[in-house]
Structure formats: structure tokens, C-alpha cells
Amino acid sequence: MKKLLLAVMALLGTYTATAQQTIEGVSIEKNLTVSGQELSLNGAGVRQKLWFELYVGALYTVKKSSNGSALVNADQPMAITLDITDSKVTQSKMKSAVEDGFEDSCTDKERAAIKSQINEFIGLFSEAIVKGDHFEIAYAPGTGTKVSKNGKKLGTIAGLKFKKGLFGIWLGEDPADDDLKDGMLGK
């Protein structure tokens, strides 16, 4: 009986160690590859507005960190995934949220310097957004920020300054959602 109990505990321990994390019905992958670099899940959480849970966001990094500012400024591979969980997230609301996010994550001068990249990024949201859509926003040094939707590449936006402003939307001093930031930072 003791051996059977130990075997069951070992099996459960193995299962727990390899199980994916699930938030709001969204399975969060433990790893993600960006430009040949394997990234690990840093943390994840839910973007809420009022009482609506709009999407699940996950952050992937080379090395775990709870320092949002350091991650925003880092010139290293990292990615954010967004899984839309509410039909209230639409194409026009996403574009508006991105514009608001850049206003909060950048100074006027910083925003002016990357205005064309911001417009290019917003232009990537040219198709309808529906519940269940999966976005991947992945930064690779020297290449830029690659954006895909449901596995289809939408485009790449060049520049570390753009990456800093974009990742600042979730990880900066004035994030879109404090609880989501904490979740992404593993707090």
C-alpha cells in the first residue's frame, strides 16, 4: 500500500509539474520560441475593465523577472500573448485601447518619435477581432516586434523605442491594468 501511495504521489507530482496553467479557460503555454530563442512563461493574468474580463495576457522572457521597468527597457527577446475572452473586445476598441496605452506608457516626445510605428501597429488590426482570437506580440533584437493573430503573421514593427512603448502598455509605470501587470510579472 505504501508503494502504491508513493507511486500515485510521484505520478501526480509529475503531472503537476508538466501541466499547463489555465486562466479563464485559456491554456497558457509554458514556453514560446521567438526567432529561435526559447522563452519561458514569466507570468499571466486577466485584463479587466469594470466587471468584464476582456483578455488573458501572458508574458514570456529569457529569464524570469518581476521588474517591469527593466523588462520594458531590455533589448532581449520577449513576448506577450493576448487571448480574447470577451466579445466586447472589437477591432475599433482594440485600436482605441492601443492609442490610450501609448499615451500612458510614453511621454509626448517619446510618442512623437515613434508615431509612424504606432500607426503601423494600429494598422495591423485591420480584420475583425472576435472572442477566442489569439495575438502574439514578440520582440526580437535587431528585427523588431513581430505581431501575429491566430498563428498568421500580421507584420513586424522595427525599433527598440517602439518595443519599449508597446511593452510599457502592460508593464510600465501606468499600465493598462495593475492586476494584469502583477500577474505578468509573477507577483
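**Figure 1. D108 and R111 pair up within helix 4.** D108 is exposed, with a relative accessible area of 59%. Its side chain meets that of R111 in a salt bridge, at 2.6 Å from N to O. The model shown here and in the other views is predicted. Both residues belong to helix 4, which covers residues 108-113. They sit three residues apart, about one turn of the helix.

Figure 2. The closest N and O atoms of K149 and E127 are 4.0 Å apart. E127 is partly exposed, at 39%. The view also takes in D133 and K152, which join E127 and K149 in a network of salt bridges. In total, the structure holds six salt bridges.

**Figure 3. D86 and K88 make another salt bridge.** Their closest N and O atoms are 3.8 Å apart. The two partners fall into separate accessibility classes. D86 is buried, with a relative accessible area of 12%. K88 counts as partly exposed, at 36% relative accessibility.

**Figure 4. Helix 6 is largely enclosed by the rest of the structure.** This helix runs from residue 160 to residue 171 and has twelve residues. From its first C-alpha to its last, helix 6 reaches 15 Å. That is close to the 16 Å expected at 1.5 Å a residue. Why is helix 6 described as largely enclosed? Nine of its twelve residues are buried, so the rest of the structure largely encloses it. The buried residues are F162, K163, G165, L166, F167, G168, I169, W170 and L171.

**Figure 5. K163 lies over two aromatic rings.** One ring is that of Y139. K163 lies over its face, at 5.5 Å from the ring centre. The other ring belongs to F167. Here K163 is 5.3 Å from the ring centre, again over the face. K163 and F167 are both among the buried residues of helix 6.

**Figure 6. Five phenylalanines form one aromatic cluster.** Which residues make up the cluster? They are F102, F121, F125, F135 and F162. F162 is also one of the buried residues of helix 6. The count of aromatic pairs comes to four. In general, a pair of aromatic rings is described by the distance of the centres and the angle of the planes.

**Figure 7. K181 is buried yet has no salt bridge.** K181 lies in helix 7, which covers residues 178-184. Which side chain of opposite charge is nearest to K181? It is E173, 5.0 Å away. A salt bridge needs nitrogen and oxygen within 4 Å. Leaving aside neighbours within four places in sequence, K181 is in contact with W170, L171, G172, E173 and P175. Among these, W170 and L171 are buried residues of helix 6.

Figure 8. A176 is found in the loop between helix 6 and helix 7. A176 is partly exposed, with a relative accessible area of 32%. I169 is a buried residue of helix 6.

**Figure 9. E24 and N150 each have a positive phi.** Most residues other than glycine have a negative phi. Phi of E24 is near 50 degrees. E24 is placed in the loop between strand 1 (21-23) and strand 2 (26-28). N150 also has a positive phi, of about 50 degrees, although it is not a glycine. N150 is found in the loop between strand 8 and strand 9 (152-157). E24 is partly exposed, with a relative accessible area of 46%. N150 is partly exposed too, at 46%.

Key:
Residues are numbered from 1 along each chain as its sequence is written. This is a predicted model: local features need pLDDT of at least 70, side-chain atom pairs count only at pLDDT 80 or more; totals for chains, interfaces and linings use all residues. Side-chain values use heavy atoms; hydrogens and water are left out. Rings of Phe, Tyr and Trp (its six-membered ring) pair if their centres lie within 6.5 Å; planes under 30 degrees apart count as stacked, over 60 as edge-to-face and the rest as tilted. A charge sits over a ring if NZ of Lys or CZ of Arg is within 6 Å of the ring centre and within 35 degrees of the ring normal. Helices (H or I, at least four residues) and strands (E, at least two) are DSSP runs, numbered from the N terminus. Buried means under 20% relative accessible area, exposed over 50%, partly exposed in between (1.4 Å probe, protein chains only). Lys and Arg count as positive and Asp and Glu as negative; His and the chain ends are not counted. Contact means heavy atoms within 4.5 Å. The expected span of a helix is 1.5 Å times one less than its number of residues.
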